[in-house]
Amino acid sequence: MLASIRTYALAGVEAREVTVEVDIQLGLPAFNIVGLPDAALRESRERVRSALKNSGFEFPLKRITVNLAPADLHKAGPSFDLAVACAILVASEQVNGEGLTGYAVCGELALDGGVRPVNGTLVFAAGAREAAMENLIVPLENVEEALLVDGVKLIGLKRLEQIKSVADGSMNTIGRHRRRRQKPPPTGVDLADVRGHAGAKRALELTAAGGHNLLMIGPPGSGKTMLARRLPGIMPPLRHEEAVEATRIHSVAGALNGSSLIERRPFRAPHHSISPVALVGGGNPVRPGEISMAHNGVLFLDELAEFSRMPLEALRQPLEDGHITVMRASGSFTFPARFTMVAATNPCPCGFAGDRKAPCACTPAALNRYRLRMSGPLLDRIDIMLRIDRPRLEELHGESRPEVSGTVLERVIEARERQVARLSGDGIGCNAQMGSMLVRRHCRLSKGAEKLLVQAEGALTLGGRGYVRILRLARTAADLRSSETIEVEDMAAAVTYRHARSDEAAA
Amino acid sequence: MTEIDGEHAQQALASRNEDVCSECLERAELVSALSDHIASVARSNRKVSELLALDNEELVAAVEGGDCDYVLGDRKRSESSSLEKGLERQGLFAICLHSNAYPRGLAQLSDMPAALYFRGCRGRLQMLDRLCISIVGARRASPYGLEVARAIGAGLASAGVTVVSGMAFGVDAAAHRGALEAGGSTVAVLAGGVDRPYPRSHLRLYEEICEKGLAVSELAPGTEPRRWSFPARNRIMAAFSAMTVVVEAGKRSGSLITADLATTLGREVGAVPGPVNSHLAQGTNALIADGAKLIRDTEDVLDEFQIERPPPGDPADSEVLDDRQRRILSLIESGSNTLDQLVSDEGEGTAIAAVAELEIKGFIRRGHDGRYIRTGKGLSPQR
C-alpha cells in the first residue's frame with residue numbers, strides 16, 4: 001500500500017517542501033528510509049517504530065520503504081518523524097488517509113509516542129501558506145510560534161495517537177492567535193546609570209538612530225562595555241517586517257521562547273573565542289550564526305583585538321552585502337545578516353597606551369602588530385570612533401540630571417521614522433546603509449555646513465569613503481534635531497565623531 | 001686601515017669617472033661577509049668600533065674568520081666596473097671614500113665605512129651636501145613625541161635641510177614621514193644592506209624614501225641587520241649630520257648613545273624637552289640639563305646654523321582662533337584631550353564644533369589611541 005504525506009525541510013531560513021512516500025509490500029520485514037537522510041533522520045526509524053507501538057498502533061511486519069522526495073535534496077534533523085509515522089499509518093490503513101489530505105505534518109517523536117517540538121515551525125508555517133497548503137500539523141509546543149503566521153490553520157499534537165482524531169475529523173484546528181503588540185520589557189539598565197561619558201552617550205544616540213557602526217577605544221575598566229549594554233534600551237523597536245524576519249531567524253535557530261513576535265532589536269555579544277561557524281553560520285545542519293541572530297539589531301564585539309583573524313575575516317562579506325551565503329554539498333543557503341556593529345578595544349596589548357599614569361609596557365613590534373591587526377576592511381566599515389576613559393572625579397559628580405534612556409529613545413524613534421520615510425523608496429531602512437548616490441540625493445546642506453565640509457575635505461584625508469561617511473553621520477545628527485536641512489553643527493558633529501585612522505597605523 | 005694613497009686614488013677615480021673603487025668595495029664586502037663573526041665577537045659598541053677600524057687582514061684575524069682571500073672568494077677577482085654593473089642591476093649605486101661625493105663628515109670617523117651603498121636617484125646625492133640633521137628618539141614614542149618629530153622633520157625639509165634618521169619605529173619613522181610630506185629631503189641609514197629595509201613593516205615608508213630621498217648602508221646588499229650593525233649605523237647617523245636631535249628618550253634609550261657619539265665627533269646635540277613626570281622625557285631632559293640645546297621646533301634647529309626660515313607660505317598660520325576654539329585648544333594642551341572630557345568641560349555644542357574646526361584647521365590631530373594631540377601649528381611666536 002502506498003501513502004504520501006507532505007512535510008517541510010529547513011533550507012537556511014526558508015522552507016522546502018518534502019513529500020514523504022511510504023510503500024508497504026509483502027516480504028521479509030524491513031524498514032528503510034531513502035532520499036538522502038542525514039544521521040538524525042536515519043535514526044528516525046527507531047523512534048518511529050517505538051512511538052507507533054507505544055501509541056497502541058501496530059508496526060507492520062512487512063517490507064516498509066520510506067522515500068523522502070525530492071531525492072536529491074539533503075534532509076536533516078528529526079522533524080520528519082511525525083510525517084513518516086503518519087504515512088506509515090495511512091499506508092497500513094490504521095488511520096483514514098482521506099482525513100489527512102490537505103495537511104502538512106512536522107514534528108519529532110519520542111519513544112513513548114509523545115510529540116516533541118522542533119526548530120523552524122514558524123518557517124514551515126510560512127512555507128505552508130505560500131504553498132496554499134492551509135493546514136499544518138505541528139507539535140503542541142510549537143503552536144504559539146506557528147500561529148504568528150496568518151492564514152494557516154493549525155493542529156497541535158501532544159501525542160501520536162491523537163492523529164486518529166485528526167483523520168476522522170473530530171479535532172478542531174486552532175484559530176487565529178489574538179496577539180497585541182506588547183511593549184518590550186525594560187532592559188534593566190538605563191543610560192542615566194552612566195555618570196560622565198557625555199560625548200560617548202551622544203555617539204550611542206547616533207548609532208541607535210542611524211545604525212552607524214561604532215568603535216570605542218579605551219583602557220580596561222573605562223566603561224566601554226557598560227555603555228554598549230545601554231544601547232538596546234535606546235534602539236527603536238523593530239518594524240513589523242523586521243520583527244517577522246527576526247522571529248523567523250530565531251525560530252530556525254530554536255531560540256524562540258516567547259509567544260509573540262520579537263519586538264526588541266536583537267543585541268548579540270559573542271565571546272571573542274567564538275568560532276567562524278558560530279559567528280557567521282554554517283555547521284551541519286546549517287544553522288544561522290550570531291550575525292544573523294543580530295540581523296536588524298546590534299552585534300557587539302567586545303575586546304575586538306582578542307578575536308582571531310578567521311571569524312573577523314568571515315565578517316567581511318556580510319558587512320558588505322547584508323547577508324551571508326553558506327555553501328554546502330547539499331546546496332547553498334543564504335541567511336540575512338544586516339546588523340550594526342559595535343566594537344570595543346584596548347588601545348594596545350597592555351591596554352594603557354595614551355594613559356599618562358600607567359606607561360604602556362608594549363614593545364614597538366607588538367604595538368605595530370596590534371595596530372595592523374586593527375586596520376583593514378573591517379574597520380573601514382566603522383563610521384564612529386571614540387576614545388573612552390574612566391571619567392574624572394568632576395565628571396562623576398558634576399552632571400545635574402542625566403537623561404534617562406526613555407527620553408533618548410523618543411528622539412531616536414523620531415529620527416528613525418524620518419529616515420524610514422525618506423528612504424522607503426530606496427529599499428533601505430537607515431542612514432548608515434546609504435551609499436554615495438543616496439547620500440548625494442538625501443543630504444541637503446546649509447551654506448555653513450557645506451563650507452565646513454569643503455574645508456574638511458581639503459584638510460583631512462577623507463577619501464571617497466570618508467566623505468560618504470561624514471555625510472551619513474551629519475544626516476543622522478540633523479534627523480535627531482528633527483531638521484531636514486543639515487546645518488553646520490551637524491556637520492561638525494560628523495567631523496568630530498567620524499572614524500579617522502591615523503597614518504601611524506597605515507604604513 | 002690600509003693606507004691607500006688617497007689623493008692618487010681620488011684622481012684615478014675621477015679620471016675613470018667612477019665613484020667607487022674595487023678595493024673599497026672589497027672592503028665593504030669583507031665586512032659584510034664577516035657579519036656573523038663580528039656578531040659573535042663584538043660584545044660592546046667600543047669593540048665594534050675597534051674592529052671596524054682594523055684593516056682587512058687584521059679584521060679577519062680578530063674575528064677568526066679564517067683567510068681573508070677565502071672569505072672574499074670570487075668577489076676579490078671582479079673588476080670594480082662589473083661590481084658596479086651588478087649594483088646597477090639591483091637599482092643601487094655605491095660611492096667609496098675616495099669619491100668626491102663621499103660625505104665629509106664621515107671622514108672624521110676612525111672606522112669610517114669604505115663604501116656606501118645607496119638606493120634612490122643618484123642625482124639626489126647632493127642632499128648630502130646640504131645641511132644634514134639627524135633626528136633620533138624612542139621607539140615607543142608617545143603621540144607627543146611622534147608629532148614633534150613629524151613637525152620638525154617637515155619643517156626642516158621645507159627649509160631645504162636634509163633629515164637623516166634610521167627608519168625605526170617611533171621617532172625615526174615620524175621624522176621621515178614629516179620630511180616626505182614636505183617634499184622628501186630625507187635619508188634613511190639602514191642597519192642591514194640597503195636592500196634590506198628594517199623593520200619589515202616599514203616597507204611602504206622605505207619605498208617612499210627611496211622614491212623621494214635616499215636609503216644608504218655601509219653593508220653590502222643582502223646583508224641582514226645584526227645586533228652590532230645598529231650601533232654601527234648610529235655612528236654613521238651621528239657623523240653625517242651637523243646636529244643630532246633627540247626627540248624623546250627614556251633613561252636608557254639607544255638614542256642617548258648616538259647623542260654621545262655626536263658630541264665626541266664635535267657635533268651639536270639638541271633635545272626636545274618633555275613633561276618632568278614622563279618616563280619618556282627622562283633622557284632628553286637630562287641631555288638638556290647637561291648642556292644640549294633645547295629644541296622646541298624647527299626654528300630652534302635652524303637658528304643654530306643661521307639658516308633663513310622659509311617664508312610663512314601658509315596664510316592660515318597666522319589664523320586667529322576664536323574664543324571657543326582657543327579655550328578648547330588650551331584644554332587639550334593641558335591634558336583634557338578626549339571628547340568626553342571636553343564635553344564635560346565646555347558643553348556638547350561648543351566642544352564638538354570647536355574640535356571639528358581645530359582638526360580641520362590643523363591645530364589638533366587624532367592619535368592612534370583616540371586622543372587628540374596638539375600639532376605644532378601656530379606655536380612659534382613671530383621672531
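This is a predicted model: local features need pLDDT of at least 70, side-chain atom pairs count only at pLDDT 80 or more; totals for chains, interfaces and linings use all residues.

Visitor: OK, so how do α16(B) and α18(B) sit relative to each other, and why?
Guide: The axes of α16 (residues 323-333) and α18 (residues 348-361) of chain B cross at roughly 85° and come within 9 Å. That angle falls in the 65 to 115 range, so α16(B) and α18(B) are roughly perpendicular to each other.

Visitor: Which residues of α16(B) make that contact?
Guide: B:Arg324, B:Gln325, B:Arg327, B:Ile328 and B:Leu329. From α18(B), the partners include B:Ala351, B:Val355, B:Glu357 and B:Leu358.

Visitor: And by class, what does the contact of α16(B) with α18(B) have?
Guide: Seven nonpolar residues, four charged and two polar.

Visitor: Switching to the sheet. What's the strand order in chain B?
Guide: Nine strands of chain B make an open sheet, ordered β1-β2-β6-β5-β4-β3-β7-β8-β9, with mixed pairing.

Visitor: Are β4 and β5 of chain B parallel or antiparallel?
Guide: Parallel: β4 (residues 162-165) and β5 (residues 186-189) of chain B pair over three bridges. Within that pair, B:Val164 stands opposite B:Val187.

Visitor: Which helices lie across these strands?
Guide: One of them is α12 (residues 229-240) of chain B, which lies across β3, β4, β5, β6 and β7 and runs at about 150° to β5(B). Another, α14 (residues 282-289) of chain B, lies across β7, β8 and β9, at about 130° to β8(B).

Key. Residues are numbered from 1 along each chain as its sequence is written. Chains are lettered from A and ligands numbered from 1 in the order in which they are written. Side-chain values use heavy atoms; hydrogens and water are left out. Two strands pair if DSSP finds at least two bridges between them. Helices (H or I, at least four residues) and strands (E, at least two) are DSSP runs, numbered from the N terminus. Contact means heavy atoms within 4.5 Å. Axes are lines fitted to C-alpha atoms, for helices over the stretch in contact, and angles run from 0 to 180 degrees between N-to-C directions. Angles under 35 degrees count as roughly parallel, over 145 as roughly antiparallel, 65 to 115 as roughly perpendicular and the rest as oblique. Ala, Val, Leu, Ile, Met, Phe, Trp, Tyr, Cys and Pro count as nonpolar, Asp, Glu, Lys and Arg as charged, and the others, Gly among them, as polar.
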